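I set out to record, entry by entry, what I looked up in this structure. The notes follow the order in which I worked.

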Amino acid sequence: MQRLETRSDEELLAETRYRSAAQALLGARAAERYDAKAAREHFQKAIAAARPQERMQLRRMADASLALAERRADDLKVAVERLGQEAPSGRQLFLLRFMGLVAPPAGTGMVRRVRGIAIVIAIVVVLLAIGFGLAKLVTLPFGGRRRQKAARAKASAARGGG
């Protein structure tokens with residue numbers, strides 16, 4: 001399996017001796033690209049080509065990879081724990097949930113996609129407002145001094161001229 005990890009996708013597709021392992025690697029790579037459809041196809045081929053004693057582990061691996069590809073944070077945590085690995089941290093799961101909101105998986109409804117666009121626009125507007133507020137806050141003392149200087153000049157003109 002370690003030797004197969006260094007091969008390209010084309011080499012893995014052509015693999016005949018260790019077909020199930022090659023298909024599982026292709027499925028995992030597709031899941032990392034958030035391509036759930038391709039990952040599902042590769043894992044189905046891997047499970048079909050695997051020996052009966054390997055199928056349960058491949059199903060667990062497929063569950064974890066598909067949960068990642070479909071941005072299902074809670075399912076990913078459970079699936080990774082079933083594999084016997086350390087579950088993703090709370091921050092990683094939060095970012096996956098946020099990613100699911102902003103960029104929903106392919107095949108989701110139009111409402112979820114529009115919601116993602118609206119979230120991105122809202123984030124941009126909030127960041128611009130924060131930047132504008134900070135710029136105003138920084139320039140506030142300088143503007144105040146100018147007004148004070150103008151007021152002093154006006155008062156001295158009024159006293160001297162009046």
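**Entry 1: Salt bridges**

I began with D9, which is partly exposed, as its relative accessible area is 27%. The model is a predicted one. D9 forms a salt bridge with R33, and the closest N and O atoms of the pair are 3.9 Å apart. I noted that this pair links distant parts of the chain: D9 is in helix α2 (residues 9-14), R33 is in the loop between α3 and α4, and 24 residues separate them. With a cut-off of 4 Å between the nitrogen and the carboxyl oxygen, the 3.9 Å pair of R33 and D9 is counted.

I then asked how many salt bridges the rule gives in total. The count comes to eight.

Next I looked up E70. E70 forms a salt bridge with R40, with 2.6 Å between the closest N and O atoms. E70 lies in the loop between α5 and α6 and R40 in helix α4, so this bridge ties together parts that are 30 residues apart in sequence. R40 has a relative accessibility of 34% and therefore counts as partly exposed.

E70 also forms a salt bridge with R72, where the closest N and O atoms are 3.0 Å apart. R72 is partly exposed as well, at a relative accessible area of 31%.

**Entry 2: Positive phi values**

Most residues other than glycine have a negative phi. Y34 has a positive value, near 60°, and is not glycine. Y34 lies in the loop between α3 (19-32) and α4 (36-49). With a relative accessible area of 31%, Y34 is partly exposed.

R71 likewise has a positive phi near 60°. R71 is found in the loop between α5 (52-69) and α6.

**Entry 3: Helix packing**

I examined α4 and α5 as a pair. Their axes are 10 Å apart and they pack at an angle of about 180°. This makes α4 roughly antiparallel to α5, since angles over 145 degrees are classed that way. On the α4 side the contact is made by A36, A39, R40, F43, A46, I47 and A48. On the α5 side I listed R55, L58, R59, M61, A62, S65, L66 and A69.

I turned to α6 and α7 next. The axes of helix α6 (residues 73-82) and α7 come within 9 Å and cross at roughly 140°. Why is α6 oblique to α7? Angles over 145 degrees count as roughly antiparallel, and the crossing here is roughly 140°, so α6 is classed as oblique to α7. In this contact A73, D74, L76 and K77 in α6 meet L93, L96 and R97 in α7.

**Entry 4: Between α7 and α8**

I looked up A103, which lies in the loop between α7 and α8. At 27% relative accessibility, A103 counts as partly exposed. From C-alpha to C-alpha, A103 and R115 are 9.3 Å apart in space, and twelve residues apart in sequence.

The elements that give two or more residues to the patch are α7 (90-102) and α8 (110-161). Which element gives the largest share? That is α8, with seven residues.

I123 lies in helix α8 and is partly exposed, at a relative accessible area of 36%. L134 is also found in helix α8. The relative accessibility of L134 is 49%, so L134 counts as partly exposed; exposed would need over 50%. Finally, I noted a separation of 43 Å between the C-alpha atoms of L134 and V80, which are 54 residues apart along the chain.

Conventions. Residues are numbered from 1 along each chain as its sequence is written. This is a predicted model: local features need pLDDT of at least 70, side-chain atom pairs count only at pLDDT 80 or more; totals for chains, interfaces and linings use all residues. Side-chain values use heavy atoms; hydrogens and water are left out. Helices (H or I, at least four residues) and strands (E, at least two) are DSSP runs, numbered from the N terminus. Buried means under 20% relative accessible area, exposed over 50%, partly exposed in between (1.4 Å probe, protein chains only). Axes are lines fitted to C-alpha atoms, for helices over the stretch in contact, and angles run from 0 to 180 degrees between N-to-C directions. Angles under 35 degrees count as roughly parallel, over 145 as roughly antiparallel, 65 to 115 as roughly perpendicular and the rest as oblique. Contact means heavy atoms within 4.5 Å. A salt bridge is a side-chain nitrogen of Lys or Arg within 4 Å of a carboxyl oxygen of Asp or Glu.
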